[in-house]
Amino acid sequence: MDRIWSPWRSSYVQLKKKKGCIFCQAFKSKQDKKNYLIHRDKKSFVIMNIFPYNNGHLMVAPRRHIAEFSNLTDEESLSCLRLIKKSYNVLKRVLKPHAFNIGLNLGKDAGAGFARHLHFHVVPRWRGDTNCMPVISNTKVMPQSLDELYQKLKKEFEKK
Ligand SMILES: [Zn+2]
C-alpha cells in the first residue's frame, strides 16, 4: 500500500520539512490562487488541502499562529465555526457528497500532519470511498483538477 502512494508521501514530507508555517505563509501571501486559499474572514480563513484525504478536502484555520486549541478566543472560535459551516454548505452544493467528516486532529499522535498551526478539517465523503481513499487521493490530485475545483469553490464562496 505504501508503495502505491509514495509520491504523495514524499511531497508531503518535503512540505513538512520546509521552514515556517504553511498556513501563515499562505495567509500572508497575496497569491491566493497559487496557495489555493479560498476565503478570508476577519479571524480565520479557508484553504484547500493540496494533499487531500478526499476530493474537496478543505481546512479552516484561525489567522493567528496558535497550536493549542484552548488558546482560541471566543471570536476566533465563532469565526472558524462560521467558515466550517460555509465550507460544508459550499461543498454540499458543488460536490454533492453523501456524508462529511469535520474535525480537529490535535497532536501528532492523533494524526495531525502539521500540528504547529491549529486547523479544522472539512472532508466530503462518498459511499464506499473508505478502502480506496489513499489511491483515490493520489490519482485525483492533479494540478489541473485542483485548479478547477478551486475556481468552482471560490465562486460559490463569494455568493451570499
Ligand atoms: Zn502559522
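**The sheet, up close**

Modeller: It's an open sheet of 5 strands in the order E1-E2-E3-E5-E4, with antiparallel pairing. Strands here are DSSP runs (E, at least two residues), helices are too (H or I, at least four), and both are numbered from the N terminus. Two strands pair if DSSP finds at least two bridges between them. E1 and E4 sit at the edges, each pairing on one side only. On average, neighbouring strands are turned by 20 degrees against each other, direction ignored; the axes are lines fitted to C-alpha atoms (for helices over the stretch in contact), with angles from 0 to 180 degrees between N-to-C directions.

Keep in mind that this is a predicted model, so local features need pLDDT of at least 70 and side-chain atom pairs count only at pLDDT 80 or more, while totals for chains, interfaces and linings use all residues. Residue numbers start from 1 along each chain as its sequence is written.

For context, the chain has 6 helices and 5 strands, and from the N terminus the elements run α-α-α-β-β-β-α-β-β-α-α.

E4 pairs with E5 in the antiparallel sense over 6 bridges. Among the facing residues, Ile102 has Val122 of E5 as its bridge partner, and Asn101 stands opposite Val123 in E5. E4 is hardly covered: of its 6 residues, the number that are buried is 0. Buried takes 20 or more other C-beta atoms within 10 Å of the residue's own, exposed means 12 or fewer, and partly exposed is in between, with C-beta atoms placed from the backbone.

Between E4 (99–104) and E5 (120–125) runs a loop that holds Arg116. Arg116 counts as partly exposed because 14 other C-beta atoms lie within 10 Å. Beyond neighbours within four places in sequence, Arg116 is in contact with Cys21 and Ala67, where contact means backbone-placed C-beta atoms within 7 Å.

Why is Ala61 called buried? Because 25 other C-beta atoms lie within 10 Å. Leaving out neighbours within four places in sequence, Ala61 is in contact with Phe23, Ser44, Phe45, Ile47, His117, Leu118 and His119. His121 is 60 residues away from Ala61 in sequence but 9.0 Å away in space, C-alpha to C-alpha.

Ala61 also belongs to the largest nonpolar core, which has 24 residues. Such a core is a set of buried Ala, Val, Leu, Ile, Met, Phe, Trp, Tyr and Cys residues joined through C-beta atoms within 7 Å. Val46, Ile47, Val60, Ala61 and Val122 have the most contacts inside this core. The elements giving two or more residues to this core are H2 (22–28), E1 (37–40), E2 (44–48), E3 (58–62), H4 (74–95), E5 and H6 (143–158). H4 gives the most, with 5 residues. As for Ile47, not counting residues up to four places away, this residue touches Ala26, Asn35, Tyr36, Leu37, Ile38, Met59 and Ala61.

Zooming out, 23% of the chain's 160 residues count as buried. Among contacts with a separation of 6 or more, 67% join residues 24 or more positions apart.

How values were computed. Two residues are in contact if their C-beta atoms, placed from the backbone, lie within 7 Å.
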